[in-house]
Amino acid sequence: MRWIIYILFAILYLLTTLFGLGPVLLADGSFRERMLTLAVVLLIYGALTWWLRTLVKKPGKR
């Protein structure tokens, strides 16, 4: 069961990297727009990491 969670989160991290960091690095928008996008992407990374840690640290629930 745990390996399914790791695969799911690996896919989520890859999608966040592709669709989040791509516009930050390659977009031709203004600097402010790119920094706002970077802040949102970092918040998504933080939320994903927190969610993964809470799922993995509950061994008795499964």
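The stops below give, in order, what to select and what is found there.

**The whole chain**

Begin with the entire chain, shown as a cartoon, and bear in mind that this is a predicted model. The chain contains two helices and zero strands. Its radius of gyration is 15 Å, well over the 11 Å that the globule rule gives for 62 residues, so the chain is more spread out than a compact globule. Turn the view along the principal axes: the C-alpha atoms fill a box of roughly 50 × 15 × 10 Å.

Next, colour the chain by accessibility. Of the 62 residues, 15% are buried. If contacts are displayed between residues at least 6 apart in sequence, 68% of them join residues at least 24 apart.

**The two helices**

Select residues 2-26, which form helix H1, and residues 31-56, which form helix H2. How far apart are the axes of H1 and H2, and at what angle do these helices pack? The axes are 9 Å apart and the angle is about 175°. Because an angle over 145 degrees counts as roughly antiparallel, H1 and H2 are roughly antiparallel to each other. The residues of the contact of H1 with H2 comprise 18 nonpolar, five polar and two charged.

**Thr 16, a buried position**

Now select Thr 16, which belongs to helix H1. Is Thr 16 buried or exposed? Its relative accessibility is 14%, and residues under 20% are classed as buried, so Thr 16 counts as buried.

Show the side chain of Thr 16 together with the backbone of Leu 12: the side chain reaches the backbone oxygen of Leu 12 at 2.8 Å. Then display the surroundings of Thr 16. Leaving aside residues up to four places away in sequence, Thr 16 touches Leu 21, Val 41, Ile 44, Tyr 45 and Leu 48.

Move to Leu 43, a residue of helix H2. Its relative accessibility is 63%, and therefore Leu 43 counts as exposed. Draw a distance from the C-alpha atom of Leu 43 to that of Leu 18: these residues are 25 apart along the chain, and the separation is 15 Å.

Leu 36 is also placed in helix H2. With a relative accessible area of 58%, Leu 36 is exposed. Which distance separates the C-alpha atoms of Leu 36 and Val 24? The value is 9.0 Å, for two residues that are twelve apart along the chain.

Arg 2 has a relative accessibility of 39% and so counts as partly exposed.

Notes
Residues are numbered from 1 along each chain as its sequence is written. This is a predicted model: local features need pLDDT of at least 70, side-chain atom pairs count only at pLDDT 80 or more; totals for chains, interfaces and linings use all residues. Side-chain values use heavy atoms; hydrogens and water are left out. Axes are lines fitted to C-alpha atoms, for helices over the stretch in contact, and angles run from 0 to 180 degrees between N-to-C directions. Helices (H or I, at least four residues) and strands (E, at least two) are DSSP runs, numbered from the N terminus. Angles under 35 degrees count as roughly parallel, over 145 as roughly antiparallel, 65 to 115 as roughly perpendicular and the rest as oblique. Ala, Val, Leu, Ile, Met, Phe, Trp, Tyr, Cys and Pro count as nonpolar, Asp, Glu, Lys and Arg as charged, and the others, Gly among them, as polar. Buried means under 20% relative accessible area, exposed over 50%, partly exposed in between (1.4 Å probe, protein chains only). A polar contact is a pair of N or O atoms within 3.5 Å; within protein, one must be able to donate a hydrogen and the other to accept it, and residues adjacent in sequence count only if both atoms are side-chain atoms. Contact means heavy atoms within 4.5 Å. The radius of gyration is taken over C-alpha atoms; the globule rule is 2.2 Å times the number of residues to the power 0.38.
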